[in-house]
Amino acid sequence: MKRPEAWHDTYKMFVAQFGCILSVPQAAKVAGVSARQVTQQFPDGWMGATKGRRIRLDTLLDQIFECY
(Lines give C-alpha, C1' and ligand atoms only; values in the text may rest on other atoms or scores of the structure.)
Protein backbone atom coordinates (compact mmCIF):
# COMPACT_ATOMS: atom_id res chain seq x y z
CA MET A 1 0.00 0.00 0.00
CA LYS A 2 1.29 3.45 -0.89
CA ARG A 3 1.93 5.80 1.99
CA PRO A 4 -0.49 8.75 2.00
CA GLU A 5 0.66 12.37 1.82
CA ALA A 6 -0.29 12.81 5.50
CA TRP A 7 2.23 10.07 6.37
CA HIS A 8 5.02 11.98 4.62
CA ASP A 9 4.05 15.28 6.27
CA THR A 10 3.99 13.61 9.68
CA TYR A 11 7.34 11.93 9.05
CA LYS A 12 9.01 15.23 8.10
CA MET A 13 7.62 16.95 11.19
CA PHE A 14 8.70 14.27 13.68
CA VAL A 15 12.07 13.42 12.11
CA ALA A 16 13.07 17.08 12.52
CA GLN A 17 11.98 16.96 16.16
CA PHE A 18 13.15 13.48 17.28
CA GLY A 19 15.30 11.92 14.55
CA CYS A 20 14.80 8.53 12.88
CA ILE A 21 15.08 6.26 15.93
CA LEU A 22 12.63 6.87 18.78
CA SER A 23 12.69 5.92 22.43
CA VAL A 24 9.49 4.74 24.13
CA PRO A 25 8.60 8.24 25.48
CA GLN A 26 9.23 9.81 22.06
CA ALA A 27 7.17 7.14 20.30
CA ALA A 28 4.35 7.74 22.78
CA LYS A 29 4.33 11.44 21.88
CA VAL A 30 4.21 10.62 18.16
CA ALA A 31 1.40 8.08 18.65
CA GLY A 32 -0.53 10.20 21.12
CA VAL A 33 -0.72 7.50 23.78
CA SER A 34 0.99 6.87 27.10
CA ALA A 35 4.48 5.37 27.24
CA ARG A 36 2.97 2.30 28.85
CA GLN A 37 0.49 1.78 25.99
CA VAL A 38 2.67 2.52 22.96
CA THR A 39 4.45 -0.86 22.84
CA GLN A 40 1.14 -2.68 23.31
CA GLN A 41 -0.85 -0.76 20.69
CA PHE A 42 2.01 -0.74 18.16
CA PRO A 43 3.89 -4.01 18.81
CA ASP A 44 5.88 -4.40 15.57
CA GLY A 45 9.45 -3.25 15.02
CA TRP A 46 10.74 -2.66 18.54
CA MET A 47 14.46 -3.22 19.14
CA GLY A 48 16.09 -3.95 22.48
CA ALA A 49 15.02 -5.32 25.82
CA THR A 50 12.24 -3.91 27.96
CA LYS A 51 14.45 -1.04 29.17
CA GLY A 52 15.87 1.13 26.42
CA ARG A 53 13.53 -0.05 23.71
CA ARG A 54 13.71 1.81 20.40
CA ILE A 55 11.67 1.89 17.21
CA ARG A 56 12.22 3.43 13.78
CA LEU A 57 9.95 6.38 13.06
CA ASP A 58 8.85 5.00 9.69
CA THR A 59 7.91 1.64 11.24
CA LEU A 60 5.81 3.34 13.90
CA LEU A 61 4.07 5.59 11.38
CA ASP A 62 3.31 2.61 9.13
CA GLN A 63 1.46 1.04 12.06
CA ILE A 64 -0.35 4.27 12.96
CA PHE A 65 -1.44 4.86 9.36
CA GLU A 66 -2.00 1.11 8.75
CA CYS A 67 0.38 1.04 5.76
CA TYR A 68 1.63 -2.54 5.91
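Predicted model: local features only at pLDDT ≥ 70, side-chain atom pairs only at ≥ 80, totals over all residues.
Biologist: Which residues of helix 4 make the contact with helix 2?

Modeller: Let's take both sides in turn. Helix 2 brings Ala27, Val30 and Ala31 to the contact. The residues involved divide into seven nonpolar, no polar and no charged. From helix 4 come Leu57, Leu60, Leu61 and Ile64.

Biologist: How many of the eight residues of helix 4 are buried?

Modeller: Good one to check by name. The buried residues of helix 4 are Leu57, Asp58, Leu60, Leu61, Asp62 and Gln63. They pack against helix 1, strand 1, helix 2 and strand 2. Helix 4 is largely enclosed by the rest of the structure because the buried count is six of the eight.

Biologist: Turning to helix 1, what span does it reach from its first C-alpha to its last?

Modeller: Start with the length: helix 1 has 14 residues. At 1.5 Å a residue, the expected span is 20 Å. The model comes close to that, with helix 1 reaching 20 Å.

Biologist: Where around helix 1 do the buried residues sit, on the same side or on opposite sides?

Modeller: The buried residues of helix 1 are Trp7, Thr10, Phe14 and Phe18. They cover an arc of only 70 degrees around the axis, so they are on the same side of helix 1. Glu5, Lys12 and Ala16 are exposed on the other side.

Biologist: Does Thr10 count as buried or exposed?

Modeller: Thr10 lies in helix 1, which runs over residues 5-18. Setting aside residues up to four places away in sequence, Thr10 touches Leu61 and Phe65. Its relative accessibility is 17%, and buried means under 20%. Therefore Thr10 counts as buried.

Biologist: Which residue just after helix 1 takes a positive phi?

Modeller: Two places are worth a look. Helix 4 is followed by Glu66, with a positive phi near 55 degrees. Just after helix 1, the residue with a positive phi, about 95 degrees, is Gly19.

Methods
Residues numbered from 1 in each chain as written. Heavy atoms only, no water. Helix = DSSP H or I, 4+ residues; strand = E, 2+ residues; numbered from the N terminus. Buried < 20%, exposed > 50% of the residue type's maximum accessible area, 1.4 Å probe, protein only. Contact = heavy atoms within 4.5 Å. Expected span 1.5 Å × (residues − 1). Arc of directions from axis to C-beta. Nonpolar A, V, L, I, M, F, W, Y, C, P; charged D, E, K, R; others polar.
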